Amino acid sequence: MATWAASMGELHYLAIAPSPPQASDIADPQLRALWQLPMPGMHRIVLDGGRVTLDLMVGTVQAMLPQIVARVHAFHLPAAVGEQPPARTLARALASLAAPGATLQAQAPDEALVWALTAAGFSCKVAAATRDHAVPDIEARFASGRPQPPALPEPVRRAIVIGAGVAGSAACHRLCARGWEVTLIERHDGPAQEASGNHAGIFMPLLSKDDNIPTRLTRTAYLFALREWQRMGGVGQVFRGASCGVLQLARDANHARVQREVVEQGGYPPEFVRWLDAPAASALLGSATPHGGWLFGQGGWARPSSLCQAMLDACGERLHRVFHAEALTLAHVDGEWQVRAADGALLAQAPTLILANGTGATRLAQAAELPLSALRGQVTHLAAERVPPQSLVVCREAYVTPPSDGVVCAGATYGTDDERALRASCQQENLTRLAEILDGVRVDDAPLAGRVGFRCAAPDRLPLAGALPDYASAGRLEQLSDVPRHPGLYCLLGYASRGIIWAPLMAELLVSQLEGTPLPVEATLAEAIDPGRFLLKQRRRSQ
């Protein structure tokens, strides 16, 4: 990979591996440090300052090939080992990914594969002998005369990002890393003043028995975030936080049984999650707990404002910050988006505009019909001496963090009202749940202290990442590709309570879409978070 990158400038490598090697078997120290746990799905590893990108797909060839969204210039097919798709299925899948003139090398192919590749548009020839194979290798070139999707034009690398929370800060970080000039507009006087302003947020994956879309998306995002933070310098190093572990306690005996079965059936690496029975969980907790729980050893907590600042600082001179300025009108003029304030003053202008300002996006005409809601969350702050010493995050119906700057965070509530002041009833709810988790919590005379934030959430609790739908131009729709879009207008919204871990992957996905490079998630996951999904459902119901 390094040799190719040195000659080509950049390399994007996609690899399918039903059983990837262990990190200890990786020779390159940089790759070994970031190597993916043997978890199913697609996992992006960024190397060499972004010049080399590896998308590791853990699964069978038949399952993973249809999940790739990319235009591929070179294929390498090793000799068939284990379960393989039928030759015709494989050849058609490769042809659907092939860029015009794409090359292919297949080791010891059988006759059926050669015929199938030829039928799919590849011209094949026997390769020069380089290995002692009973069947010679072949070399092929994609030469199909069938119409191909038009290649995306080279983007003009100037963008505006509205919103300086974790969504907007991550977008700036990834855009600037790819050489974009970015203007960041924020209505407050600094980053992370809304939902991203909490003292501490927790990061952990999501598990389910059926490994559903939210579980798969959150797992991919969580692992990508861990790798990106490691590349930045590490949690607790370049931003406040700690990878101290998260213990998610079972609610009752039935939930404990489900938790144990999920771990046993999922075959997860112990570094990712372990099931602890009640005695083991109690010993770790230092407090009696009757049902045990999941231990996410790589989980922990982070201060979102510190993370936002670290991402923005990494942007360097490519980032222009416009604080204390609220974007109220957007206009697309001569191929560029103009962002204006209430008095009509032009705040910024660029071909690409990204809305990352939570429910504030719905105050803009182009995003007014997105079904986003603001969920009120109140976090309680307690003096560290009021809570038994904890070295890890503990959660059940609520969560509690280890102390930071002498403060322990407990919460958070969910509500639908817009009251920004602290509410005694919400504090009592947090304290009651906290007392159910830990023995010895002193809460009777705790002063009213904490923070209220409003999480931006979609009806399906999944994020919105991609091109913004144009509701006014929509007619009859059958699939996502039919949804009309505002040219050059994108969004990163609806992160709810998972913004810390969703932000890096969603930003990476959006930059990949802008640059026409392979997507870092499976096609089904990209469709599940497409901002046009709600318009499509609306039209399908009415047609």
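Which residue follows α9, and is its phi positive or negative? Keep that in mind as you look through these close-ups of a predicted model.

**View 1. Here's helix α9 and its buried side.** Helix α9 spans residues 278-285, and its buried residues are Ala278, Ala281, Ser282 and Leu285. These four sit on the same side of α9, because they cover an arc of only 100° around the axis. Now check the face turned away from that buried side: Pro279 and Ala283 are the exposed residues there.

View 2. At the start of α9, look for Asp277: one of its side-chain oxygens comes to within 3.0 Å of the backbone nitrogen of Ala280. After the helix comes Gly286, and that settles the opening question: its phi is positive, near 75°.

**View 3. Here's an open sheet of six strands.** Reading across, the order goes β16-β9-β8-β20-β27-β26, and the pairing is mixed. At the edges you'll find β16 (319-323) and β26 (464-469), each of which pairs on one side only. From one strand to the next, the twist averages 20°.

**View 4. Here's a closer look at β8 and β9.** Strand β8 (residues 158-162) and strand β9 (residues 181-186) run parallel, joined by five bridges.

Key
Residues numbered from 1 in each chain as written. Predicted model: local features only at pLDDT ≥ 70, side-chain atom pairs only at ≥ 80, totals over all residues. Heavy atoms only, no water. Buried < 20%, exposed > 50% of the residue type's maximum accessible area, 1.4 Å probe, protein only. Helix = DSSP H or I, 4+ residues; strand = E, 2+ residues; numbered from the N terminus. Arc of directions from axis to C-beta. Polar contact = N/O pair within 3.5 Å; in protein donor to acceptor, adjacent residues only side chain to side chain. Pairing = 2+ DSSP bridges. Axes fitted to C-alpha atoms, helices over the stretch in contact; angles between N-to-C directions.
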